[in-house]
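Here is a short briefing to read with the model open beside you.

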Amino acid sequence: MRAHDTYDYAVIRVVPRVEREEFVNVGIILSCERAKFLEARIELDEARLLALDPTLDLESLRRHLDTIPAICRGGEAAAPIGLLPPRSRFHWLTAKRSSIIQTSPVHMGRCGDLAATLEHLMDRMVRPPKATVPR
């Protein structure tokens, strides 16, 4: 059995109208320094976003959100940020901003499977709850 790793994560939020402070969770950034793991997953619920702001430019938003996984992957394609060590890229991505793309405070946890934990966090924090049918 694999030892548990300590990880940090932040929820990626879209705040279509910053002055209203309403947001929709759209993704997760998960980092584990020991495992050299830095990954982001994003899923847009366009209907929820457009309910907050019908004038939101979804195409532009998608382009900007696509940079987050690219920065996590690193390398010259995401330069100059992509050339930083993974931990520095995580801290850069989770720094406080007052733009329409923001992150939650950083939280931490422990797990044995980082990819499964990322999927679990997406289910818990981003995807709408599944409806249950009463019996």
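**Cysteines, a strand and a helix**

A search of the whole structure finds zero disulfides (a disulfide being a pair of cysteine sulfur atoms within 2.5 Å). Please keep in mind that this is a predicted model, in which local features need pLDDT of at least 70, side-chain atom pairs count only at pLDDT 80 or more, and totals for chains, interfaces and linings use all residues. Residues are numbered from 1 along each chain as its sequence is written, and side-chain values use heavy atoms, with hydrogens and water left out.

**The cysteines**

- The sulfur of C32 has its closest cysteine sulfur in C111, 7.1 Å away, which is too far for a bond.
- C111 is likewise in no disulfide, its nearest cysteine sulfur being that of C32.
- C32 counts as buried because its relative accessibility is 1%; buried means under 20% relative accessible area, exposed over 50%, and partly exposed in between, with a 1.4 Å probe and protein chains only.
- C111 counts as buried too, at 7% relative accessibility.

- Helices (H or I, at least four residues) and strands (E, at least two) are DSSP runs, numbered from the N terminus.
- Nine of the nine residues of β2 are buried, so this strand is largely enclosed by the rest of the structure.
- β1 and β2 run antiparallel and are joined by seven bridges; two strands pair if DSSP finds at least two bridges between them.
- Within β2, I29 is the bridge partner of A10.
- β2 and β3 also run antiparallel, with six bridges joining them, and S31 stands opposite L38 in β3.
- Four residues lie between β2 and β3 in their hairpin, and K36 in the turn has a positive phi of about 55 degrees.

**Helix α2**

- The 16 residues of α2 (residues 58-73) should span 22 Å at 1.5 Å a residue, and the end C-alpha atoms are 23 Å apart, which agrees; the expected span is 1.5 Å times one less than the number of residues.
- D57 caps the N-terminal end of α2, with a side-chain oxygen 3.3 Å from the backbone nitrogen of E59.
- Just after α2, G74 takes a positive phi of about 75 degrees.
- The buried residues of α2 are L58, S60, L61, L65, I68, P69, I71 and C72.
- An α-helix has 3.6 residues a turn, so residues three or four places apart point the same way.
- Among the elements covering the buried residues of α2 are β1 (5-14), β2 (24-32), β3 (37-42), α1 (46-52), α3 (86-93) and β4 (101-103).

Conventions: Contact = heavy atoms within 4.5 Å. Polar contact = N/O pair within 3.5 Å; in protein donor to acceptor, adjacent residues only side chain to side chain.
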